[in-house]
Amino acid sequence: MKPLLVIDGDSLAHRAYHGLPKSIRRADGRPSGAIVGFTNMLLRLYDAEQPRAVVVGWDTLEVPTYRHEEFAAYQSGRVFDDELLEQLHLLPELVDAFGFASAKAPGYEADDFLAAAVVARRRWRSPVLVVTSDRDAFQLASERVTLLMPTRGVSELARVGPAEVRERYGVEPEQVPDFIALRGDPSDRLPGAPGVGPKGAAQILGEYGSLEAALAAGRFAACAEELRLYQRIATLDASAPLPPLEDQSPLWAEASTLLRRWGMNQVADRVAGRAEQPSTS
């Protein structure tokens, strides 16, 4: 069966922006590296995987999530270049022009939409490919859900399933939020349990099965509520609202027109060529 392709749009855009020269510009001089890199990756993914549909999740940076509200230090200190932010605002429009689905809503992060799409897949009975560089998404891996994780810029991808999660973390995918709570996550400013690193977190979960069971046995009594909070923060929210998901046919000509309007003629020409070659889609 053709897969559902689910993409963390912010993750891909960030990698494109930082992986390509800042000298890449639109006709009016505004930046376009993130748009170019994102578009190139989207086309490569579509060619390689031939999905029945594509949905791209996005952060809403202007509105805090429940994670920020419950833990003030969450993701603190992150500063994004203005040139990246300007392109991030444009990319959902480009995804729509391609005929794909964009998912964005106040209070949710891009990876929450990945979890929501995995749940939606159960109704579709299709395999799911999740494209992200965020290892929090390891919790989504299953027999029918494979993560595609960029390993070099946005040009190479590693396939991650349950076996790879076990190899890298020493836990099952469903234990990943508990693992993160215990180990901590510097990128999100989660401190974890005092004195517990990756090996210790895996050992604890191997012994008790879950964070809650370890707490019930008396472990980490002094910081039990904090660890429960970190676990909630690390758990992707599958209730994030998705647009209707249905089989799609790419709108190459429409996307090309939008790119040309943005002053990106070279990329527009590449996309327009696909409209004349149905066999590539």
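A polar contact is a pair of N or O atoms within 3.5 Å; within protein, one must be able to donate a hydrogen and the other to accept it, and residues adjacent in sequence count only if both atoms are side-chain atoms. Keep that in mind for the first stop.

This is a predicted model: local features need pLDDT of at least 70, side-chain atom pairs count only at pLDDT 80 or more, and totals for chains, interfaces and linings use all residues. Residues are numbered from 1 along each chain as its sequence is written, and side-chain values use heavy atoms, without hydrogens and water.

**Stop 1: Ser 126**

Select Ser 126. It sits in the loop between helix H5 (110–124) and strand S4 (128–131). Helices (H or I, at least four residues) and strands (E, at least two) are DSSP runs, numbered from the N terminus. Ser 126 has 0% relative accessibility, so it counts as buried. Buried means under 20% relative accessible area, with a 1.4 Å probe and protein chains only. A polar contact of 2.5 Å links its side chain to that of Ser 126. Ser 126 also touches Met 1, Lys 2, Arg 121 and Arg 144, leaving aside residues up to four places away in sequence. Contact means heavy atoms within 4.5 Å.

**Stop 2: the sheet**

Show the strands. An open, mixed sheet of 6 strands runs in the order S3-S2-S1-S4-S5-S6. Strands S3 (101–103) and S6 (156–160) are at the edges, each with a single partner strand, so one side of each has no neighbour in the sheet. Strands pair if DSSP finds at least two bridges between them. Select S5 (residues 145–152) and S6: they run antiparallel, joined by 5 bridges. Pick Met 149; its bridge partner in S6 is Ala 158.

**Stop 3: the largest cavity**

The structure holds 3 cavities of 30 Å³ or more. A cavity is a set of points, on a 1 Å grid over the protein atoms alone, where a 1.4 Å probe fits but cannot get out; lining residues have an atom within 4 Å of a point. The largest has a volume of about 80 Å³, the space filled by probe spheres set on the points, which are joined across faces, edges and corners. Select its lining, including Asp 10, Trp 58, His 89 and Lys 104. Helix H4 (residues 82–97) gives the most, with 4 residues.

**Stop 4: helix H10**

Finish at helix H10 (residues 224–234). Its buried residues include Leu 227, Tyr 230 and Ile 233. Among their covers are helix H3 (66–70), helix H7 (176–183) and helix H9 (211–216).

Terms used: Buried < 20%, exposed > 50% of the residue type's maximum accessible area, 1.4 Å probe, protein only. 1 Å grid on protein atoms, 1.4 Å probe; cavity = no way out; pocket = protein on both sides within 12 Å on 5 of 7 lines; lining within 4 Å.
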